[in-house]
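Here's a quick tour of a protein model for someone new to reading structures. Have a look at the picture first, then work through the notes below.

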Amino acid sequence: MSKVSTEVLQPYASALMSLAKSNNLSEQFGNDIRSLLSLLESSQELRQFLANPLIKPDAKKAVIQQIAGEEMNPLMRNFLRLLVDKGRILFLEGIGKQYLTKLRELNQTVLAEVTSAVPLSDAQMQTVREKVQAMTSARQVEIETKIDADLIGGVVIKVGSQVIDASLRGQLRRLGIRLSS
């Protein structure tokens, strides 16, 4: 872990988690954070705007108010305003990811990063979920998907530091090693 993540991300993510727990909002905060993260991921402009030290805090708060909207929990909106006041809003993505990690621990959920050549069907997602559950004995499995056409076929599943390469590219690579040895 880098210095930034331990000194900045952890304390804020922990504070947010204790706020969530004491108000029975851990799931709702999780949903709020997921939508914020996907917004940040899809908008470079927003990321640059929030990270720009020359933009006045009030302007940042106004934008946050707009993107948070009414459906976001007021406590979450206050937390975002606090991040602006403390000059920490540029770490929102990192803090959000840390929070989701804490939420998964709380729910005994593991994150499986699944990379496939083509989008997986619901049935395939369920199969991946069951395999990962059997492998980790977690209560739930959260799946994050990525598409990589270079895989040709099959999937690569990453759970923590464990990688299961069931892609055609991986199989061909292993075959190549076997053929050449």
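Helices (H or I, at least four residues) and strands (E, at least two) are DSSP runs, numbered from the N terminus. Keep in mind that this is a predicted model, where local features need pLDDT of at least 70, side-chain atom pairs count only at pLDDT 80 or more, and totals for chains, interfaces and linings use all residues. Residues are numbered from 1 along each chain as its sequence is written, and side-chain values use heavy atoms, with hydrogens and water left out.

- Most residues other than glycine have a negative phi.
- Ser137 sits in the loop between α7 (122-136) and β2 (140-147), and its phi is positive, near 55°, though it isn't a glycine.
- Ser137 is exposed, at 66% relative accessible area (exposed means over 50%, buried under 20%, partly exposed in between, with a 1.4 Å probe and protein chains only).
- Ile152, in the loop between β2 and β3 (154-159), isn't a glycine either, yet has a positive phi of about 70°.
- Ile152 is exposed too, with a relative accessible area of 53%.

**Helix α2**

- Helix α2 covers residues 26-42, which makes 17 residues.
- From first C-alpha to last, α2 reaches 24 Å, close to the expected 24 Å (that is 1.5 Å times one less than the number of residues).
- Its buried residues are Ser26, Phe29, Gly30, Asp32, Ile33, Leu36, Leu37 and Leu40.
- Looking down the axis of α2, those buried residues fall within an arc of 165°, so they line one face of the helix (the arc is that of the directions from the helix axis to the C-beta atoms).

**The pockets**

- On a 1 Å grid over the protein atoms alone, a pocket is an open set of points with protein on both sides within 12 Å along at least five of seven lines, and lining residues have an atom within 4 Å of a point.
- The largest pocket is lined by 16 residues, and Leu37, Glu41, Lys97, Leu100 and Glu144 lie nearest its centre.
- α2, α6 (92-106) and β2 each give two or more residues to that lining, and α6 gives the most, with seven.
- The second largest pocket has 17 lining residues, with Leu120, Val128, Gly154, Val155 and Ile157 nearest its centre.
- α7, β3 and β4 (162-167) each supply at least two residues of the lining of the second largest pocket, and α7 gives the most, with six.

Key: 1 Å grid on protein atoms, 1.4 Å probe; cavity = no way out; pocket = protein on both sides within 12 Å on 5 of 7 lines; lining within 4 Å.
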